[in-house]
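Thanks for coming. I have one structure to go through today, and I will take the overall fold before the details.

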Amino acid sequence: MNYDKELDARGLNCPLPILRSKKALTDMSSGQVLRVLSTDPGSVKDFGAFAKQTGNELLSSTENDKVFEFFLKRK
């Protein structure tokens, strides 16, 4: 999937992946896509809730080798 910006939040625990993603999205234009990498298992639930609360779209959420990958589209 194509993305405009990447955030490496591996090794960070809740709530840091969400907080850093929120900050990254603030600097992006509407419609741009942010790719986030995280190793926090709780981030799967967190990013779903974050997308609903903020109106940003969670395009995909996958896990590979204990690394979670999220694609968020800026509202």
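This is a predicted model: local features need pLDDT of at least 70, side-chain atom pairs count only at pLDDT 80 or more; totals for chains, interfaces and linings use all residues.

Contact, in what follows, means heavy atoms within 4.5 Å. With that in hand: among contacts in the protein chain with a separation of 6 or more, 67% are between residues 24 or more positions apart.

The overall layout, then. The protein chain has two helices and four strands, and along the sequence they follow the pattern β-α-β-α-β-β. The radius of gyration is 11 Å, close to the 11 Å that the globule rule gives for 75 residues, so the chain is as compact as a globular protein of that length. Along the principal axes, the C-alpha atoms fill a box of roughly 30 × 25 × 15 Å. Of the 75 residues, 36% count as buried.

Next, the strands. Which strand is largely enclosed by the rest of the structure? That is E4, residues 67–73: five of its seven residues are buried, so the rest of the structure largely encloses it. Buried here means under 20% relative accessible area.

E4 has pairings with E2 and with E3. Strand E2, residues 33–38, runs antiparallel to E4, and six bridges join them. In that pairing, arginine 35 stands opposite phenylalanine 71 of E4. Strand E3, residues 57–64, is also antiparallel to E4, with seven bridges between them. There, glutamate 57 is placed opposite lysine 73 of E4.

On to the turn between E3 and E4. How many residues lie between the strands of this hairpin? There are two residues between them, and aspartate 65 takes a positive phi near 60° in this hairpin. Aspartate 65 lies in the loop between E3 and E4, and lysine 66 is found in that loop as well. Phi of lysine 66 is near 65°, again a positive value in a residue other than glycine. The reason to point these out is that most residues other than glycine have a negative phi, and most peptide bonds are trans.

The cut-off for exposed is over 50%.

There is also a peptide bond to look at. The bond from cysteine 14 to proline 15 is cis, with omega near 5°. Proline 15 sits in the loop between strand E1, residues 5–9, and H1.

That brings me to the helices. Two packed helices are described by the angle between their axes and the distance between the axes. Helix H1 covers residues 16–26 and helix H2 residues 43–54; they pack at an angle of about 35°, with their axes 10 Å apart. The crossing of H1 and H2 is right-handed. On the H1 side, the contact is made by Pro17, Ile18, Ser21, Lys22 and Leu25, and on the H2 side by Asp46, Phe47 and Phe50. What is the division of these residues into nonpolar, polar and charged? Five are nonpolar, one is polar and two are charged.

To go back over the main points: E4 is antiparallel to E2 and antiparallel to E3, the bond from cysteine 14 to proline 15 is cis, and H1 and H2 cross in a right-handed sense. I will stop there.

How values were computed: Residues are numbered from 1 along each chain as its sequence is written. Side-chain values use heavy atoms; hydrogens and water are left out. Axes are lines fitted to C-alpha atoms, for helices over the stretch in contact, and angles run from 0 to 180 degrees between N-to-C directions. A crossing is left-handed if the near helix is turned anticlockwise from the far one by less than a right angle, and right-handed if clockwise. Ala, Val, Leu, Ile, Met, Phe, Trp, Tyr, Cys and Pro count as nonpolar, Asp, Glu, Lys and Arg as charged, and the others, Gly among them, as polar. Buried means under 20% relative accessible area, exposed over 50%, partly exposed in between (1.4 Å probe, protein chains only). Two strands pair if DSSP finds at least two bridges between them. The radius of gyration is taken over C-alpha atoms; the globule rule is 2.2 Å times the number of residues to the power 0.38.
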